[in-house]
Amino acid sequence: MICLSAGMVGENNNNQSLVMRLAFRDFDMLLMGDAERELEEALLTTEKLEKVEVLKVGHHGSATSSGEAFLKAIQPGTALISVGANNRFGHPSGDVTRRLENQGADIYTTMECGEIDIWTAGFGGIYICVP
(Lines give C-alpha, C1' and ligand atoms only; values in the text may rest on other atoms or scores of the structure.)
Protein backbone atom coordinates (compact mmCIF):
# COMPACT_ATOMS: atom_id res chain seq x y z
CA MET A 1 0.00 0.00 0.00
CA ILE A 2 1.45 3.32 -1.06
CA CYS A 3 0.15 6.68 0.20
CA LEU A 4 0.01 9.13 -2.71
CA SER A 5 -1.51 12.04 -0.81
CA ALA A 6 -1.92 12.78 2.86
CA GLY A 7 -2.07 16.55 2.92
CA MET A 8 -4.48 19.37 2.31
CA VAL A 9 -4.94 20.64 -1.22
CA GLY A 10 -6.98 23.83 -1.47
CA GLU A 11 -9.73 24.94 0.89
CA ASN A 12 -12.03 21.88 0.72
CA ASN A 13 -11.80 19.35 3.57
CA ASN A 14 -12.57 16.52 1.15
CA ASN A 15 -9.14 17.08 -0.29
CA GLN A 16 -7.55 16.08 3.02
CA SER A 17 -8.45 12.50 2.13
CA LEU A 18 -5.78 9.88 2.04
CA VAL A 19 -5.23 8.64 -1.50
CA MET A 20 -3.78 5.14 -1.50
CA ARG A 21 -2.52 2.84 -4.23
CA LEU A 22 -2.67 -0.87 -3.54
CA ALA A 23 -0.12 -2.75 -5.62
CA PHE A 24 -0.03 -6.56 -5.63
CA ARG A 25 1.99 -8.27 -8.35
CA ASP A 26 0.35 -7.09 -11.62
CA PHE A 27 -2.72 -5.67 -9.86
CA ASP A 28 -3.13 -1.99 -8.97
CA MET A 29 -6.06 -0.33 -7.22
CA LEU A 30 -6.46 3.37 -6.47
CA LEU A 31 -8.47 4.34 -3.36
CA MET A 32 -9.51 7.99 -3.61
CA GLY A 33 -11.42 8.62 -0.35
CA ASP A 34 -13.43 11.84 -0.70
CA ALA A 35 -10.87 13.43 -3.03
CA GLU A 36 -12.19 15.92 -5.53
CA ARG A 37 -10.86 17.22 -8.83
CA GLU A 38 -8.49 19.72 -7.18
CA LEU A 39 -6.61 16.89 -5.46
CA GLU A 40 -6.72 14.79 -8.64
CA GLU A 41 -5.09 17.64 -10.55
CA ALA A 42 -2.39 17.96 -7.87
CA LEU A 43 -1.70 14.22 -8.19
CA LEU A 44 -1.38 14.55 -11.96
CA THR A 45 1.57 16.92 -11.46
CA THR A 46 3.42 14.42 -9.24
CA GLU A 47 3.85 11.73 -11.90
CA LYS A 48 2.80 9.15 -9.26
CA LEU A 49 -0.30 8.05 -11.16
CA GLU A 50 -0.31 4.89 -13.26
CA LYS A 51 -2.87 2.76 -15.03
CA VAL A 52 -5.01 0.84 -12.51
CA GLU A 53 -7.24 -2.18 -12.76
CA VAL A 54 -9.66 -0.83 -10.13
CA LEU A 55 -10.57 2.70 -9.06
CA LYS A 56 -12.55 3.36 -5.89
CA VAL A 57 -14.10 6.56 -7.21
CA GLY A 58 -13.58 9.68 -5.12
CA HIS A 59 -16.30 11.57 -3.26
CA HIS A 60 -19.08 9.05 -3.99
CA GLY A 61 -18.98 9.89 -7.70
CA SER A 62 -19.90 13.54 -7.17
CA ALA A 63 -19.62 15.98 -10.07
CA THR A 64 -16.51 17.42 -8.38
CA SER A 65 -14.55 14.17 -8.80
CA SER A 66 -13.16 11.91 -11.52
CA GLY A 67 -12.08 14.53 -14.01
CA GLU A 68 -11.37 13.55 -17.61
CA ALA A 69 -7.58 14.14 -17.45
CA PHE A 70 -7.35 12.13 -14.24
CA LEU A 71 -9.30 9.19 -15.69
CA LYS A 72 -7.26 9.31 -18.89
CA ALA A 73 -4.06 9.05 -16.82
CA ILE A 74 -5.16 6.04 -14.76
CA GLN A 75 -7.35 4.25 -17.35
CA PRO A 76 -9.39 2.22 -14.84
CA GLY A 77 -10.80 -1.10 -16.02
CA THR A 78 -13.26 -1.22 -13.14
CA ALA A 79 -14.77 1.61 -11.10
CA LEU A 80 -16.36 1.15 -7.68
CA ILE A 81 -18.64 3.84 -6.30
CA SER A 82 -19.65 3.81 -2.65
CA VAL A 83 -23.02 5.52 -2.56
CA GLY A 84 -26.37 5.13 -0.84
CA ALA A 85 -29.62 4.72 -2.73
CA ASN A 86 -31.76 7.87 -3.06
CA ASN A 87 -29.09 10.04 -1.44
CA ARG A 88 -29.89 13.73 -1.18
CA PHE A 89 -26.82 14.70 -3.22
CA GLY A 90 -27.80 12.79 -6.36
CA HIS A 91 -24.55 10.82 -6.35
CA PRO A 92 -23.16 9.44 -8.51
CA SER A 93 -23.18 12.23 -11.06
CA GLY A 94 -24.26 11.27 -14.56
CA ASP A 95 -21.23 13.18 -15.88
CA VAL A 96 -18.90 11.03 -13.78
CA THR A 97 -20.48 7.76 -14.90
CA ARG A 98 -20.31 8.91 -18.55
CA ARG A 99 -16.61 9.77 -18.17
CA LEU A 100 -15.97 6.35 -16.64
CA GLU A 101 -17.92 4.64 -19.42
CA ASN A 102 -15.98 6.62 -22.03
CA GLN A 103 -12.77 5.22 -20.49
CA GLY A 104 -14.23 1.72 -20.89
CA ALA A 105 -14.58 1.08 -17.16
CA ASP A 106 -17.06 -1.42 -15.77
CA ILE A 107 -18.99 0.42 -13.03
CA TYR A 108 -20.28 -1.10 -9.79
CA THR A 109 -22.13 0.91 -7.15
CA THR A 110 -22.97 -0.09 -3.61
CA MET A 111 -26.51 1.26 -4.09
CA GLU A 112 -27.08 -1.37 -6.78
CA CYS A 113 -24.82 -4.19 -5.60
CA GLY A 114 -24.54 -3.79 -1.85
CA GLU A 115 -21.21 -5.16 -0.63
CA ILE A 116 -18.61 -5.54 -3.38
CA ASP A 117 -15.74 -8.00 -2.98
CA ILE A 118 -12.70 -8.07 -5.24
CA TRP A 119 -10.52 -11.15 -5.65
CA THR A 120 -7.21 -11.30 -7.49
CA ALA A 121 -4.16 -13.50 -7.61
CA GLY A 122 -2.28 -10.47 -8.88
CA PHE A 123 -1.77 -11.99 -12.30
CA GLY A 124 -3.92 -10.63 -15.10
CA GLY A 125 -7.48 -10.32 -13.98
CA ILE A 126 -9.86 -9.78 -11.14
CA TYR A 127 -13.07 -11.32 -9.95
CA ILE A 128 -15.78 -8.97 -8.74
CA CYS A 129 -18.25 -10.62 -6.39
CA VAL A 130 -21.58 -8.98 -5.70
CA PRO A 131 -24.54 -10.55 -3.89
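**View 1. Strands β3 and β4 run parallel, joined by 3 bridges.** This close-up comes from a predicted model. Strand β4 covers residues 54–56. Within β4, lysine 56 is the bridge partner of leucine 31.

**View 2. Strands β2 and β3 pair in the antiparallel sense.** Here 5 bridges link β3 to β2, which spans residues 19–24. Which residue stands opposite leucine 31 of β3? That place belongs to methionine 20.

**View 3. The hairpin of β2 and β3 has 2 residues between its strands.** Look for arginine 25 in this hairpin: its phi is positive, near 55°.

**View 4. Strand β3 is largely enclosed by the rest of the structure, because 4 of its 5 residues are buried.** The strand comprises residues 27–31. Buried here stands for under 20% relative accessible area. For the protein chain as a whole, 41% of the 131 residues count as buried.

View 5. Starting at the N terminus, the order of elements is β-β-β-α-β-α-β-α-β-α-β-β. The radius of gyration is 14 Å, which agrees with the value near 14 Å for a compact globule of 131 residues. Along the principal axes, the C-alpha atoms fill a box of roughly 40 × 35 × 25 Å. The chain carries 10 positive and 18 negative side chains, and the centres of these two sets lie 1 Å apart.

Notes: Residues numbered from 1 in each chain as written. Predicted model: local features only at pLDDT ≥ 70, side-chain atom pairs only at ≥ 80, totals over all residues. Heavy atoms only, no water. Rg over C-alpha atoms; globule rule 2.2 N^0.38 Å. Buried < 20%, exposed > 50% of the residue type's maximum accessible area, 1.4 Å probe, protein only. Lys, Arg positive; Asp, Glu negative; His and termini not counted. Charge placed at Lys NZ, Arg CZ, Asp CG, Glu CD. Pairing = 2+ DSSP bridges.
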